[in-house]
Amino acid sequence: MEERVTPGQIGLRYGLIYALVSTVINLIPILTESNTGSMSAGFILTLANIITAFVVFILAGRAFKKLNGGMISFGEGFKINIIAAAIMELTRALIVYLYVKVIDPGYTERVKRFMEEMWEKQGLTQEQIDQFQGFSAGATNPELMLASGLFGAILGGLIWGAISSAITKTEEEEF
């Protein structure tokens with residue numbers, strides 16, 4: 001009798017692959033400083049992350065199906081995707097956190113300066129700039145970046161994981 005592969009095994013494998021790809025995608029703009037406030041860079045980064053998640057989730061579901069006689073339930077696919085999303089985000093968030101906190105602690109200050117220059121070019125008053133700085137303080141705080149990244153990845157894992165699980169599921173007929 002063949003041993004079945006578990007959703008946890010596939011989730012771990014694809015979570016590590018997802019973590020590697022996602023970390024590279026998210027570190028490139030940080031290292032090149034091309035993400036310091038550009039709306040188009042933020043949109044492209046978000047789109048790249050969504051596409052990566054969806055591709056990894058579909059591939060993980062297909063791998064599970066292949067190793068388990070062509071069957072995967074929605075629940076199994078969903079478990080795989082949540083495990084993969086959690087592993088990815090823990091890895092990516094910790095690497096980015098270490099980069100921003102230890103390797104390049106001046107990064108967040110450069111982002112703040114860039115944002116302030118951008119607001120000045122838009123003609124905002126100093127009072128408005130100060131107000132916006134208060135609102136955006138969390139975006140440049142490494143600890144809040146870590147927490148929001150974890151929350152965002154789990155939420156994305158729930159949404160994209162459910163969609164990809166619905167696409168890849170193949171359940172045995174009841175009759």
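**Helix against helix**

I started with how helix 3 and helix 6 cross, and the crossing is right-handed. This is a predicted model, so I keep that in mind throughout.

Next I looked up the angle. The axes of helix 3 (residues 74-103) and helix 6 (residues 142-168) cross at roughly 160° and come within 8 Å. Angles over 145 degrees count as roughly antiparallel, and helix 3 and helix 6 are therefore roughly antiparallel to each other.

Then I checked what kind of residues make up this contact. Between helix 3 and helix 6 I find 21 nonpolar, 7 polar and 4 charged residues.

**Helix 6 by itself**

How many residues does helix 6 have, and how far does it reach? I get 27 residues and 36 Å from the first C-alpha to the last, close to the 39 Å expected at 1.5 Å a residue.

I also listed what is buried in helix 6. The buried residues include four glycines, Gly-149, Gly-156, Gly-157 and Gly-161. Pro-142, Ala-153, Ser-164, Ser-165 and Thr-168 are buried in helix 6 too.

**Aromatic pairs**

I searched the whole structure for aromatic pairs and got 4. I wrote up two of them.

One is Phe-54 with Trp-160: the ring centres are 6.2 Å apart and the planes stand at 75°, so I call this pair edge-to-face. Phe-54 belongs to helix 2 (residues 39-67) and Trp-160 to helix 6, so the pair ties together parts that are 106 residues apart in sequence.

Another is Phe-74 with Phe-78, which I noted as stacked, with 5.8 Å centre to centre and 10° between the planes. Both sit in helix 3, 4 residues apart, so about one helical turn separates Phe-74 from Phe-78. I looked up their accessibility as well: Phe-74 is partly exposed at 32%, and Phe-78 is partly exposed at 24%.

**Helix 1 and its end**

Last stop was helix 1 (residues 7-32), with 26 residues. From first C-alpha to last, helix 1 reaches 37 Å, close to the 38 Å expected at 1.5 Å a residue.

What follows helix 1? I found Glu-33 there, and its phi is positive, near 55°.

How values were computed:
Residues numbered from 1 in each chain as written. Predicted model: local features only at pLDDT ≥ 70, side-chain atom pairs only at ≥ 80, totals over all residues. Heavy atoms only, no water. Axes fitted to C-alpha atoms, helices over the stretch in contact; angles between N-to-C directions. Helix = DSSP H or I, 4+ residues; strand = E, 2+ residues; numbered from the N terminus. Parallel < 35°, antiparallel > 145°, perpendicular 65-115°, else oblique. Left-handed = near helix turned anticlockwise from the far one by under 90°. Nonpolar A, V, L, I, M, F, W, Y, C, P; charged D, E, K, R; others polar. Expected span 1.5 Å × (residues − 1). Buried < 20%, exposed > 50% of the residue type's maximum accessible area, 1.4 Å probe, protein only. Phe/Tyr/Trp six-rings, centres within 6.5 Å; stacked < 30°, edge-to-face > 60°.
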